[in-house]
Amino acid sequence: MINIKYLMGRLLRMDYRSMLGTIDKLHDKTGRSRLWLLADMACCAVGYGAGYQDYKLCAFHSLPPAQRATYVTRGINNRIVKLCNDPQWYHCLEDKREFNRIYGSFVRRSWLDLEECTYDAFARFMDGKDSVISKPASSTCGKGIEKLCRADFGSLEELYDHLKTSGADLVEDVIVQHADVAKLYPNAVNTYRIVTIARNGTAGVVYAYIRIGNGGRFVDNFNSGGMTAPVELDSGIIRFAAMDKEGRIYGTHPDTGCPIAGYRLPYWRESLEMCLEAAKLIPRLGYVGWDVAVSEDGPQLIEGNHFPGHDILQMPPHVPDKVGMLPRFREFLPEL
């Protein structure tokens, strides 16, 4: 049974227009009455901590109670975050500059804090570079990130002035991803999301998936038009076809024609080992979703997330047996 205080808070903050729109879509899809769907959503909220997005994305309308009880819902994911993560340490992951300083040995690329740098420091940083990546320090879902080419500006001073007034807080080297990852989709850096839980000095990988860009976009984020697919932890092989947020299924990538299911990813074991080492650096952040890019020289961290998404690997067709991720989490957190 979900925490009543949490449930009341969700009721107060809920976007009811969006919820009703979700019910309309499910009515059209399933033929179930809107009243039945609303009542079933309410039961799932009370019994499993499932929000209306959980209900839709994980197809709760088609699941019996025993299977619903195996899913990590929004309410359960919040409980995991509270068990493992101390909010006083969130800044270590939320501020990209601070993240790069703390996890520098895993970031493995040069970067510059725009708030502190002078033009001379910037000019030295740009020596030999044709382009850079600029980021706001606290951006999420790829928002505000730009790839800036030196040739698009009249001078290096003009590029520097643009950065200083654009809202960007840091610049980084452009990551040239491994050729085997670029085959999936070359226009974005396709990243591995590797989720770890660390307790009492030990760490383990709970699950992992790959995020793949789409449609000519520069970022691979699921919320920005990208697609995802789960990856087998032991082998580094993509298990199933990819899916985007609209529920579209991709057996092959529409832009490249590259098959997705069965594709073997490079530097997989090294990526897992890197995330397990990073997970031990700050014991008060025990539940983290790490975003990993892979170059020809190996993996490097992009960022860490103290509130990893819980639903992506629990959506059909990524759950053919209709058993959610909760049993897996209980291997690390028996108290759930």
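Mentor: Rings of Phe, Tyr and Trp, the last through its six-membered ring, count as a pair if their centres lie within 6.5 Å. The model examined here is predicted. A search of the whole structure on that criterion returns eleven aromatic pairs. One of them joins Phe60 and Tyr71: the ring centres are 5.5 Å apart and the planes stand at 80 degrees, so this pair is edge-to-face, since planes over 60 degrees apart are classed in that way. As to location, Phe60 belongs to the loop between helix 4 (52-57) and helix 5 (65-68), whereas Tyr71 belongs to the loop between helix 5 and helix 6 (74-84); the pair therefore ties together parts that are eleven residues apart in sequence. Both Phe60 and Tyr71 are buried. Ring pairs also place these two residues in a cluster with Tyr48 and Tyr55.

Aromatic rings are involved in charge contacts as well. Arg32 lies over the face of Trp36, 4.0 Å from the ring centre, and Lys129 lies over the face of Phe125, 4.3 Å from the ring centre.

Of the 336 residues, 52% are buried. Among contacts in the chain with a separation of 6 or more, 63% are between residues 24 or more positions apart.

Terms used
Residues numbered from 1 in each chain as written. Predicted model: local features only at pLDDT ≥ 70, side-chain atom pairs only at ≥ 80, totals over all residues. Heavy atoms only, no water. Phe/Tyr/Trp six-rings, centres within 6.5 Å; stacked < 30°, edge-to-face > 60°. Helix = DSSP H or I, 4+ residues; strand = E, 2+ residues; numbered from the N terminus. Buried < 20%, exposed > 50% of the residue type's maximum accessible area, 1.4 Å probe, protein only. Lys NZ or Arg CZ within 6 Å of the ring centre and 35° of its normal. Contact = heavy atoms within 4.5 Å.
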